[in-house]
Amino acid sequence: MIRATAEHISRSAANVIRERGRFTFVLSGGSTPKPLYALLATEEYRNRIDWSRVHFFWGDDRCVPPSDEASNYRLVSEALLAHVPARPEHIHRMQTELSPEECARDYERRLQGFFQVGSGEAPVFDFDLLGLGTNAHTASLFPFSPALKIDSALATAVEVDDKHRWRVTLTLPVINRARETVFLVAGSEKSDVVNEVIFGERNPEKLPAQLVQPSGNLIWRIDHAAASKLPQGSFTTE
Ligand code: 6PG
């Protein structure tokens, strides 16, 4: 699954950079993509992707300093960015040292400036890598969250638990415009939720990942353990 995803990213980056001169790549936090970032950081992929033309964005991050071990920016920096010739000015991290609300507004302004879009218009990312929580959240779009109903802001602050911890997440108007979206799901603990999200009854408030219906391609990359409860014949094996 990890190698197939790395091959997918490598092919997409090569095609998009050839067509448009840059590749806008939205990264996910969590444990699932770590081996993917590690593979992309190896000699093999370091030389196959023109990293100097890749722009890195985050689907969400925790409102902690970038050096904090909970930071998705730190996760990606250590696993990938430190090992490939990415250009610092192409690393568009969320300014999580700001207040949650200001961080969300700041990221929206950064996206509007980078993509040259006006207010109310969502940018189009080339590639969006998403994870899936066991409660069917993706990015930081959690069940029954007010963030699920946002139809104009590009990013928003969400309070995620009773410990008053905050995150900033891209919103669905942005997520659903990506040219390519890949869900990366691994582990037997995800086997129920991935089946429920894809083949279960539609219940998007409870299952936010069901709201990811991008205008571009949507691919689910699921390892054998997580795919163990999917209906027979409902997927192809790479
Ligand atoms: C994060 C991610 C989050 C993650 C899921 C799955 O910031 O943690 O954006 O949406 O993708 O929680 O996490 P695992 O890959 O660790 O299961």
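In the predicted model described here, L130 stands opposite F183 in β7, a strand being a DSSP run of E of at least two residues and a helix a run of H or I of at least four, both numbered from the N terminus. Strand β4 (residues 127–130) and strand β7 (residues 180–185) run parallel and are joined by four bridges, where pairing requires that DSSP finds at least two bridges between two strands. Residues are numbered from 1 along each chain as its sequence is written. Local features of this predicted model need pLDDT of at least 70 and side-chain atom pairs pLDDT 80 or more, whereas totals for chains, interfaces and linings use all residues, and side-chain values use heavy atoms, without hydrogens and water.

The open sheet comprises five strands in the order β2-β1-β4-β7-β8, with parallel pairing. Because β2 (54–58) and β8 (217–222) stand at the edges with a single partner strand each, one side of each is left without a neighbour in the sheet. Helix α7 (residues 191–199) packs on this sheet and touches β7 and β8, its direction making about 155 degrees with that of β8; contact means heavy atoms within 4.5 Å, and angles run from 0 to 180 degrees between N-to-C directions of axes fitted to C-alpha atoms, for helices over the stretch in contact.

Around the ligand there are 16 residues, of which T32, D60, H137, A139 and K190 come nearest, a residue being counted if one of its heavy atoms lies within 4 Å. An oxygen atom of the ligand lies 2.7 Å from an N or O atom in the side chain of H137, and a polar side-chain atom of R62 lies 2.8 Å from a ligand oxygen atom.

Notes:
A polar contact is a pair of N or O atoms within 3.5 Å; within protein, one must be able to donate a hydrogen and the other to accept it, and residues adjacent in sequence count only if both atoms are side-chain atoms.
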